[in-house]
Amino acid sequence: ERPSAGGGLIWISVRELRTSKEVQISANGYAGIAFGSGGKEGVSGGGAGGQIIMFIKSLYMEDKLVLSAEGGTAVCDTDKNIVAGAGAGGFVGVGWTGQIMEER
């Protein structure tokens, strides 16, 4: 468990990427948490989404490729009436010079 941690960086640079089944690559931020007791309570906000950067010449897919860089969820402690916001979304960038092909 890494409360409020950001999603980090995933960098992929290849000439060819082949997938034979569904592939999921994520740089998602973690959710925040409620903490403390005895009048010293608090909540931490969600971590920001990270970055996924891919440079590919040829991409061959038999199924789908899912890329995500979502922010972590907000935290609310209704007993103590405190709230922290969600993390912002990250960045996904894909650059390629060839074609995207599906093999059937």
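Visitor: Why is Phe-55 called partly exposed?

Guide: In this predicted model, Phe-55 has a relative accessible area of 41%. Buried means under 20% and exposed means over 50%, with partly exposed in between; Phe-55 is therefore classed as partly exposed.

Visitor: In which strand does Phe-55 lie, and what makes the nonpolar patch on the surface?

Guide: Phe-55 lies in strand β5. The patch is formed by Leu-9, Trp-11 and Phe-55, which together have about 360 Å² of accessible area.

Visitor: Why is Val-14 called partly exposed?

Guide: The relative accessible area of Val-14 is 31%. Val-14 is found in strand β1, residues 9-19.

Visitor: How do you know which residues Val-14 is in contact with?

Guide: Contact means heavy atoms within 4.5 Å. Leaving aside neighbours within four places in sequence, Val-14 is in contact with Phe-55, Ile-56 and Lys-57. Val-14 and Phe-55 are 41 residues apart in sequence, and their C-alpha atoms are 6.4 Å apart in space.

Visitor: What does Ile-56 touch, not counting residues up to four places away in sequence?

Guide: Ile-56 touches Val-14, Arg-15, Leu-17, Gly-95, Trp-96 and Thr-97.

Visitor: What makes up the largest nonpolar core?

Guide: Seven residues form this core: Ile-25, Ala-27, Ile-52, Met-54, Ile-56, Leu-59 and Met-61. Its largest share, five residues, comes from strand β5, residues 51-61. Members of a nonpolar core are buried, so Ile-56 has under 20% relative accessible area.

Technical notes:
Residues are numbered from 1 along each chain as its sequence is written. This is a predicted model: local features need pLDDT of at least 70, side-chain atom pairs count only at pLDDT 80 or more; totals for chains, interfaces and linings use all residues. Side-chain values use heavy atoms; hydrogens and water are left out. A nonpolar core is a set of buried Ala, Val, Leu, Ile, Met, Phe, Trp, Tyr and Cys residues joined through side-chain atoms within 4.5 Å. Buried means under 20% relative accessible area, exposed over 50%, partly exposed in between (1.4 Å probe, protein chains only). Helices (H or I, at least four residues) and strands (E, at least two) are DSSP runs, numbered from the N terminus. Patches are made of residues with over 30% relative accessible area and no salt bridge: like charges are joined within 9 Å, nonpolar side chains (Val, Leu, Ile, Met, Phe, Trp, Tyr) within 5 Å. Accessible areas come from the Shrake-Rupley method with a 1.4 Å probe; for residues, only the protein chains shown count as cover. A salt bridge is a side-chain nitrogen of Lys or Arg within 4 Å of a carboxyl oxygen of Asp or Glu.
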